[in-house]
Amino acid sequence: MKRGDFVAGAIGVAIGGGALFMAADFPADVVMKIGPAFFPDMLAGLFLICSAALMVSAALAKTVPGVVEDPPPVRGLSLENGILRAVVTVIAVIAFVVALRPVGFLITSTVFLTAMMGLLGLRKPVLMVAVSLGITAGVYIIFEKLLGLTLPAGILESVLY
Amino acid sequence: MDFALLYHSFGNVFVPSVMLVIAFGVAIGITIGALPGLTATMGVALLVPLTFGRPPLESLSMLLGLFCGAMYGGSISAILVRTPGTPAAAATVLEGYPLAQQGQAGRALAMALFASFCGGLSGALIMTFMSPLISSVALEFSTVEYFALAVFGLSVIVSISGNSILKGIMAGLFGLLLSTIGADAISGYPRFIFGQMDLFEGPPFIPTLIGLFAVSEVLANVQITKQIVRVKTVVDRYFPTWADIKISAVTIARGSLIGTFIGAIPGAGGDIAAFVSYGETKRVSKHPEKFGTGAIEGVAAAECANNACSGGAMIPLLSLGVPGDAVTAVLLGAFVLQGLQPGPLLYKEHIDIVYNVFASLIVANFAMLIIGALGIRLFAKVIMVKRAILMPAILVLSVVGSYAMRGDTFDVYVMLVFGVVGYFMQKHDFPLSPILLALILGPMAEANLRRSLVISGGDFSIIFSRPIAVGLLILAVGSLIASVYNHRKIQNRLAAASGLEGE
């Protein structure tokens, strides 16, 4: 039993089934016979079959003894835990996006960068803030000044414009 | 081949603004290529947003420069830290790192640059002469052939990427399903949009791209704490010695042809080209026993093939609109954003653009030679930049790049979703490039199949009435069957080389 593949197959079956279910509501094309549901139906059907095949092969597969990782992965609520760092990264990006409009790019980006560097184990405050400011300024100049695209100014609106 | 037009195109490229963006693209490309964990695909994905609102020639030149630079850049970390900066440089590790250990890193780097230049230039020249020929054949294509072509392109990439054919097919089908999101091209009926008007035009391309190829890599990278260790060596050369060039001349010529040819096959990328070229060189060598201990021809074979591959991969992209690998798939997206749909029609309607692409890829190779030689000491230092600084910076670029085009935070969430999906897919051995190709080829396959069926009144036999289409479909099925047999062979070879990374 390969657990990862079994779960992946199950997710695939769910997606394929869901797509077939939704496509059943697409209007039929009376004139051309082949309407908007034709292609999705075909793909979702094939996807469902492949996913089911993956589930079956995963269920039948012999369990391979896990590779001993060196050094052993850290678990629990510690920044040494790699998976936790990835989860925190995703949450940090969401926070970045939520704050982007109201607070503005310049502040959000600097704070985000400094916090992320801290998360990834950098411990030199002056360097972290300086590099964060530099990267933020660089991105701002490229997008706002060179490309003429607008990034949210947020609370700095009156200062910047 | 229109030489007057080619000459004229060089005139268009030799203007300060275009030369500047090519140089910028090449420098960024070498840096991204040299940094382990950042691939050429990721680089192009991150830089595509910088082309919004710029003229097509400038935008495409910059991305071509990046493509070209990244292919060479991978060799720097392959030689100095035994970690290929891009998958295409995996074969370079085999001879490059032993050379560095013997204190000859400068010699290896100079040869890598010279071979990359020769390979890249040959690939670009072959592309310039070949793709007009192919596109003139393709001008006869009807909807049925386009459908078959899309299926062929997908089947090849599915069969060649990843460890499992089943997972490759699943990734392709998943991408095709994603491509049906949005308004149906024929009837206009909105499919799978879940009430989100932002999805009406389908999943936004750039955010999807950045999510799959940049954010997913960052999520994998933030979990690693190990720092890379560089071999202590002096980078003392800018150009290979005459003796080294003489040893490697035949190898470079052979590698250029192998690379261009393999690059032109949709689905086969620089990694495979480099290994085939390396393997051939070792096979015909009078001293095969020297390989693995620092044979300079080995570096030349691998590096010229992976750079030639970039020219080769442009052939099907420009002439048929079918990208040869993941990077060219991203480039295809950049063309489309500029309002240019590669393929036979591009030759009919925008022949000037096509020739400008030829000219800029040739110029980009010269730029790579110059910038690579002058900046080698700097690039050798860049690879030591801490992950803790690099990864957050990539995330900021990803967010801004996804946001900027429509000024819509919805797009950033799309990016994040695809980042997480891409991360899990890669972790469980599902290849990502079939998704990207499916997103591009899916609408092409569907629209053309349905148009064909409209013409035939719903009769499927129309597909089998056109010989070229039947040929392409047979090739598609054939490539899937062949790959089941060949898969293990290629994978073992790649695994043997990438196994070096982990040590």
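## Basis

This is a predicted model: local features need pLDDT of at least 70, side-chain atom pairs count only at pLDDT 80 or more, and totals for chains, interfaces and linings use all residues. Residues are numbered from 1 along each chain as its sequence is written, and chains are lettered from A and ligands numbered from 1 in the order in which they are written.

## Chain A

Chain A has 6 helices and 0 strands. Both are DSSP runs numbered from the N terminus: helices are H or I, at least four residues, and strands are E, at least two.

Of its 161 residues, 27% are buried (20 or more other C-beta atoms within 10 Å of the residue's own, C-beta atoms being placed from the backbone).

## Contact with chain B

In chain A, 54 residues are in contact with 45 residues of chain B (C-beta atoms, placed from the backbone, within 7 Å). Helix 3 of chain A gives the largest share of the side that touches chain B, 12 residues.

By class, that side of chain A has 39 nonpolar, 10 polar and 5 charged residues. Ala, Val, Leu, Ile, Met, Phe, Trp, Tyr, Cys and Pro count as nonpolar, Asp, Glu, Lys and Arg as charged, and the others, Gly among them, as polar.

## A helix pair in chain B

The axes of helix 10 (residues 242-264) and helix 12 (residues 296-320) of chain B come within 6 Å and cross at roughly 30°. Axes are lines fitted to C-alpha atoms, for helices over the stretch in contact, and angles run from 0 to 180 degrees between N-to-C directions. Helix 10 of chain B is therefore roughly parallel to helix 12 of chain B (angles under 35 degrees).

The contact of helix 10 with helix 12 of chain B has 16 nonpolar, 12 polar and 2 charged residues.

Technical notes
A residue is buried if 20 or more other C-beta atoms lie within 10 Å of its own, exposed if 12 or fewer, and partly exposed in between; C-beta atoms are placed from the backbone. Two residues are in contact if their C-beta atoms, placed from the backbone, lie within 7 Å. Angles under 35 degrees count as roughly parallel, over 145 as roughly antiparallel, 65 to 115 as roughly perpendicular and the rest as oblique.
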